[in-house]
Amino acid sequence: MATEIAQSFEALEAQAQLLMSVFTKAGHEAVAPAIIQPADVYLDVIGESLRARTYVFTDPDGAELCLRPDLTVPTCRLHLWRNGAAETPARYCYNGPAFRFQAQGADAAHPREFRQAGIERFGDVERERAEAETVGLTIKALEKTGLKNWTLQTGDLGLFRAVLNAVRIPTRWQKRLEEAFLRPGTFRTELKRLTEAPGSSDLGLRNRSLPADLVGSLDQTDFAASEAALVAYLDAQSIELIGNRTIAEMTQHLLDVVADQTASPLESAAADLIEQYVSVTGPALFAGQRIAALLKGVKGGPGAALDAYDRRLALLANGGLDLSRVMFSAEFGRTLAYYTGFVFEISAPGLKADGAIAGGGRYDGVMRAAGAPRDVPAVGAAIHTQRLLATVSGIAPKEGL
Amino acid sequence: MTRLTLAVPSKGRLMEQTTERLTRAGLTVRKVGNARGYRGEIDGMPDVEVAYVSSSEIAAALKAGSIHVGVTGEDLVRESMSDSATRVTLLTGLDFGFADVVVAVPACWIDVATVADLDQIAMPFRRAHGRWPRVATKYMNLTRKFFAEKGFGDYRIVESVGATEGTPAAGTAELIVDITTTGETLRANGLKILDDGVILRSQANLVASNVAEWSAQSRRACDELLAKLQSSR
């Protein structure tokens, strides 16, 4: 199949060497992480949807492996393998193939085998500096290969968390909205559900199948008594307790559900605020002011997160970036599986929206999923080099590139 | 391949039921050659060649187009092809081999009745156990597609080829996706079906391959076969 043959391999390699020279000059060590990876780490971080777009297979020993769908997780694993302590600061760069199953059929813009060049940096405590430098270095490398008309789209999941914090809603709702944020459909349903009075609609009654006598014997202020009530209920119904999920876990969830059914709904002002934040989009400079205005007068405002936003922009400007080319969208980053904070994407005119030239961001949770005892600050960026070559050479991606 | 190739299960209960169903439609199948032969013919339909194929392989043969039509469960068709709608056509249900593909959780999960509830307990489960809830199944594709449509993604599939319903009690999975006819086996294993957990109501189907080579002759024979099966429902 033509899409798998890199006919322009020499041109691609020459371009990649150029990118790598910029990265190494900036202090990133060149590494070549393994192509075959344990599927575990990816499945854990991204979830089962991974199987829909990754080549997962079983080796003769029964281990579940995959062809790496990106180079970020492999670089994390390489870092862990080299350093016992995952927090050891390090900067890496790489250039190599990655593999993705294309359900709609592979084409030139979406090949199932493609090449990525990129950078990762771990353990930086100065978070915004690391983020700004990662963006700056990526753009510097892209420009070195001849890219001129780029645009930079950014998002910030940390800012969303700060907004939730500021509107003061129960912690369990906050957690739920945070988790739901990554799935726009679920998020809207959840937000709507929380703003409705208990029992006012199907959404509010979602757990109507709960037995009334059990609900009546639960006590929000006495966990042990609630546990005992659940055990007694299961006994009375002759339902055997099986599996790994404990009585305590079930009790906690039951208590949360019951609390939801009786709690006053989320104030519509708070829900409005969340919705208004989610719809913020535009030039990054104005977006910051817009968010500040939105949250003006909200007690405990977004403070630190908004400061971080401003500091990052200032650092980008200090690095020589023209801020008028930086866009911000509160929704951006939602569908990118493992990012935890700042996210960005670089595209060029002529490429389809889902075909960015480069992208990256902060992913503090990945190192832990890969085996580190705790989260480790991590920022990175990856460049789709075939798309880059097609863009700078002025030809649309075509068969065989 | 100008005659119509019809694949039927080569052994067991499914073969018997297929033969019964064909007989009811006035179709008598005779094995050709020695008694253990893998080929057969239908009396009065010289344009049909019957192939006895292991029931687990009929879906794959339809997908590859090496047979024209076959008798197989809808569950196997949907599971084995991500693009089943373009590869094959389900011509008619055959009124046997009924089985529902369902999501079942421990009956003691009083707090879980729907997929939305699963979504809510997934994160607390992960905090407590360090991993997502595991779903034991041999229907990996059906499971993934069903949960994706429901917006649920925080789980891990563990492949299970036998005794799937015992995995939650054994502690090797938290819930299962499996076939059931009466639900009795599930109940015996301390499981319950989620309120919105029926993924597919399956039965044996006459299925046509869209990628096989069809001649006018085989098409005619197929139409005749289908007409006889439908008029005897």
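## Close-up views of a predicted two-chain model

Chain A has a mean pLDDT of 85, and 88% of its residues reach 70 or more; pLDDT is the predictor's confidence in each residue, from 0 to 100. This is a predicted model, in which local features need pLDDT of at least 70, side-chain atom pairs count only at pLDDT 80 or more, and totals for chains, interfaces and linings use all residues. Residues are numbered from 1 along each chain as its sequence is written, while chains are lettered from A and ligands numbered from 1 in the order in which they are written.

**View 1. Two stretches of chain A with pLDDT below 50.** Residues 1-6 of chain A have pLDDT below 50, and beyond near neighbours in sequence this stretch has 10 contacts in the model. Residues 201-207 of chain A also have pLDDT below 50, with 14 contacts beyond near neighbours in sequence. Two residues are in contact if their C-beta atoms, placed from the backbone, lie within 7 Å.

**View 2. Where chain A meets chain B.** Here 29 residues of chain A are in contact with 30 residues of chain B. On the chain A side, α7 (184-195) and α10 (247-262) each supply at least two residues, and α10(A) gives the most, with 6 residues. Helices (H or I, at least four residues) and strands (E, at least two) are DSSP runs, numbered from the N terminus. The chain A side divides into 11 nonpolar, 10 polar and 8 charged residues; Ala, Val, Leu, Ile, Met, Phe, Trp, Tyr, Cys and Pro count as nonpolar, Asp, Glu, Lys and Arg as charged, and the others, Gly among them, as polar.

**View 3. The nonpolar cores.** A nonpolar core is a set of buried Ala, Val, Leu, Ile, Met, Phe, Trp, Tyr and Cys residues joined through C-beta atoms within 7 Å. A residue is buried if 20 or more other C-beta atoms lie within 10 Å of its own, exposed if 12 or fewer, and partly exposed in between, with C-beta atoms placed from the backbone. In the largest core, of 83 residues, Leu142(A), Val163(A), Val366(A), Met367(A) and Ile383(A) touch the most other members. Domain 1 (2-150 + 348-392) and domain 2 (158-183 + 267-342) of chain A both give residues to this core, so it lies between them; the domain bounds come from an automatic or database domain assignment. A second, separate core of 38 residues includes Leu214(A), Val258(A), Phe125(B) and Ile157(B).

**View 4. The open sheet of chain A.** Its 9 strands follow the order β1-β5-β6-β12-β11-β10-β7-β9-β8, with mixed pairing. Two strands pair if DSSP finds at least two bridges between them. At the edges are β1 (29-30) and β8 (281-283) of chain A, each pairing on one side only. Strand β11(A) (residues 358-362) is mostly covered, with 5 of its 5 residues buried. Strand β11(A) pairs in the antiparallel sense with β10(A) (residues 342-347) over 4 bridges, and there Ile346(A) has Ala358(A) as its bridge partner. Another 5 bridges join β11(A) to the antiparallel β12(A) (residues 378-384), where Gly359(A) stands opposite Ala382(A).

**View 5. Strand β1 of chain B and its partners.** All of this strand is on show: 6 of the 6 residues of β1(B) (residues 4-9) are buried, so β1(B) is largely enclosed by the rest of the structure. Strand β1(B) runs parallel to β4(B) (residues 45-53), joined by 6 bridges, and Ala7(B) stands opposite Ala51(B).
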